[in-house]
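Please find below some short notes on this model.

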Amino acid sequence: MDLDKPSPENLKYLLEQLGDKLGVANRILLDEKDYDLNRYDDLKFLYDHVVKSGTLSPAESHAFIDELRSVRKS
């Protein structure tokens, strides 16, 4: 899987992984239908940062979840 290439499958994978790493209980926030593939690079940036950071504090997780909300379709 080449996550550098935007695709619906990659988008779904990124969102699932972000949900796991951020401990998102309400997975409806991560429904790939609510995200525009044109914003894939923004999501990939968030994903890369979360993966690189490893363990996040609750405040950091909350900040990333807020960022995910800002990337969602209006």
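Does Lys-44 count as buried or exposed?

1. Lys-44 counts as buried, because its relative accessibility is 12%. Buried here means under 20% relative accessible area, exposed means over 50%, and partly exposed is in between, with a 1.4 Å probe and protein chains only. Lys-44 is part of helix α2. Leaving aside residues up to four places away in sequence, Lys-44 touches Leu-3, Asp-4 and Leu-14; contact means heavy atoms within 4.5 Å.

2. On the source: this is a predicted model, in which local features need pLDDT of at least 70 and side-chain atom pairs count only at pLDDT 80 or more, while totals for chains, interfaces and linings use all residues. Residues are numbered from 1 along each chain as its sequence is written, and side-chain values use heavy atoms, with hydrogens and water left out.

3. The protein has three helices and zero strands, in the order α-α-α from the N terminus. The radius of gyration is 11 Å, close to the 11 Å that the globule rule gives for 74 residues, so the protein is as compact as a globular protein of that length. That radius is taken over C-alpha atoms, and the rule is 2.2 Å times the number of residues to the power 0.38. Helices (H or I, at least four residues) and strands (E, at least two) are DSSP runs, numbered from the N terminus.

4. Helix α1 covers residues 8-22, which makes 15 residues. From first C-alpha to last, α1 reaches 21 Å, close to the 21 Å expected at 1.5 Å a residue; the expected span is 1.5 Å times one less than the number of residues. Gly-23 follows α1 and has a positive phi, near 65 degrees.

5. The buried residues of α1 are Asn-10, Leu-11, Leu-14, Leu-15, Leu-18, Gly-19 and Leu-22. An α-helix has 3.6 residues a turn, so residues three or four places apart point the same way. The cover over the buried residues of α1 includes α2 (40-53) and α3 (58-71).

6. His-49 also lies in helix α2. His-49 is partly exposed, with a relative accessible area of 36%. Between His-49 and Phe-64 there are 9.7 Å in space, C-alpha to C-alpha, and the two are 15 residues apart in sequence.

7. For the chain as a whole, 34% of the 74 residues count as buried. Among contacts between residues at least 6 apart in sequence, 67% join residues at least 24 apart.
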